Amino acid sequence: GSTATVSVTGGTIGTAETPANIHGGGFGNETRVLGSVSVTLSGMTVNGDVYGGSAKGKTNGDAARTNGATTAVTMNSGTITGSIYGGGLGDATYAADVWGPVTLTINKGSTVGTNVYGGNNANGSPQVSIDVVVNGPTDAEATTTPLNLNNVYGGGNEADIASGCTAPHVNIKGCGTVVNRAFGGGNAASVPATNLEIHGGTFQQ
């Protein structure tokens, strides 16, 4: 298909016993989203993970980037019990590559129970660039619109970032932001370089 837009406002997806994921791209190794992907989340509860890219398939192109194609994931508020990824979900056989630039934005009023990743899970990588932006509350706003995150990674989860991708850029803002730990790189995954900016917040470790 050419483009994909996912918008979730309110409600609950999945349960603790039966988690469910959101994918901005397709599901299956033969799926292709050739154009841009947009995922916007507001005021919902996701008992599972959220991905900007596909599960096993390709996003923003097939074997190369479709001109102008991008992937953007925006969490305005709500709760994700699992992790949120700018990239896709691969496996041992299939790399869920994202051929365009990836932007993952998390705004005040959000809670992510597990981790935040700019890249992929298990296999595959964004191929151009990764920007992870955390827009937390001020101290005065922290009681009404808190932002609570566990670990923030610029890279992927056991999924190396492609050598041709620029250094993942992580930018954490807001004095009322609460984060466990922040990393410019990935979790058991390599990155070409790191670019981590912290402009406020409370870090547990």
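**Figure 1. The cysteines of this predicted model form zero disulfides.** The count of disulfides comes to zero under a rule that asks for a pair of cysteine sulfur atoms within 2.5 Å. Cys165 is buried, with a relative accessible area of 3%. Cys175, in contrast, is partly exposed, and its relative accessible area is 45%.

**Figure 2. Asp91 and Lys56 meet in one of the four salt bridges of the structure.** Side chains of opposite charge can pair when their charged atoms come close. Here the closest N and O atoms of Asp91 and Lys56 are 3.5 Å apart, and the pair counts as a salt bridge because the cut-off is 4 Å. Asp91 is partly exposed, with a relative accessible area of 23%. Lys56 also counts as partly exposed, at 34% relative accessibility.

**Figure 3. Lys58 and Asp97 form a salt bridge between two buried residues.** The N to O distance between the side chains of Lys58 and Asp97 is 3.2 Å. Lys58 is part of strand 8 and Asp97 is part of the loop between strand 11 and strand 12, so this pair ties together parts that are 39 residues apart in sequence. Both residues are buried.

**Figure 4. The surroundings of Asp97 include a backbone nitrogen and several residues in contact.** Asp97 is situated in the loop between strand 11 and strand 12. Its relative accessibility is 12%, and Asp97 therefore counts as buried, the limit being under 20%. A polar atom of the Asp97 side chain lies 3.1 Å from the backbone nitrogen of Ser125. When residues up to four places away in sequence are not counted, Asp97 touches Gly57, Lys58, Thr59, Asn120, Gly124, Ser125 and Gln127. Lys58, listed among these contacts, is the salt-bridge partner of Asp97.

**Figure 5. Lys108 and Glu141 form a salt bridge between two loops.** The side chains of Lys108 and Glu141 meet with an N to O distance of 2.8 Å. Lys108 lies in the loop between strand 12 and strand 13 (110-117), and Glu141 lies in the loop between strand 14 (130-135) and strand 15 (147-153), so the contact ties together parts that are 33 residues apart in sequence. Lys108 counts as partly exposed, at 32% relative accessibility. Glu141 is likewise partly exposed, with a relative accessible area of 26%.

**Figure 6. Tyr51 and Tyr85 form one of four aromatic pairs in the structure.** A pair of aromatic rings is described by the distance of the centres and the angle of the planes. For Tyr51 and Tyr85, the rings are 4.7 Å apart from centre to centre, with 5° between the planes, and the pair is stacked. Tyr51 and Tyr85 are both buried.

**Figure 7. Tyr117 and Tyr153 are stacked, and ring pairs link them into a cluster.** The ring centres of Tyr117 and Tyr153 are 5.0 Å apart and the planes meet at 10°, so this pair is stacked. Tyr117 belongs to strand 13 and Tyr153 to strand 15, so the pair ties together parts that are 36 residues apart in sequence. Both tyrosines are buried. The cluster linked by ring pairs consists of Tyr51, Tyr85, Tyr117, Tyr153 and Phe183.

**Figure 8. Strand 16 pairs with strand 14 and with strand 18.** Four of the five residues of strand 16 (residues 169-173) are buried, so this strand is largely enclosed by the rest of the structure. Strand 14 and strand 16 run parallel and are joined by five bridges. Between these two strands, Val134 stands opposite Ile172 of strand 16. Strand 16 and strand 18 (residues 195-199) also run parallel, again with five bridges joining them. Asn171 stands opposite Glu197, a residue of strand 18. In a regular strand the side chains alternate between the two faces of the sheet.

Definitions and conventions:
Residues are numbered from 1 along each chain as its sequence is written. This is a predicted model: local features need pLDDT of at least 70, side-chain atom pairs count only at pLDDT 80 or more; totals for chains, interfaces and linings use all residues. Side-chain values use heavy atoms; hydrogens and water are left out. Buried means under 20% relative accessible area, exposed over 50%, partly exposed in between (1.4 Å probe, protein chains only). A polar contact is a pair of N or O atoms within 3.5 Å; within protein, one must be able to donate a hydrogen and the other to accept it, and residues adjacent in sequence count only if both atoms are side-chain atoms. Contact means heavy atoms within 4.5 Å. Rings of Phe, Tyr and Trp (its six-membered ring) pair if their centres lie within 6.5 Å; planes under 30 degrees apart count as stacked, over 60 as edge-to-face and the rest as tilted. Two strands pair if DSSP finds at least two bridges between them.
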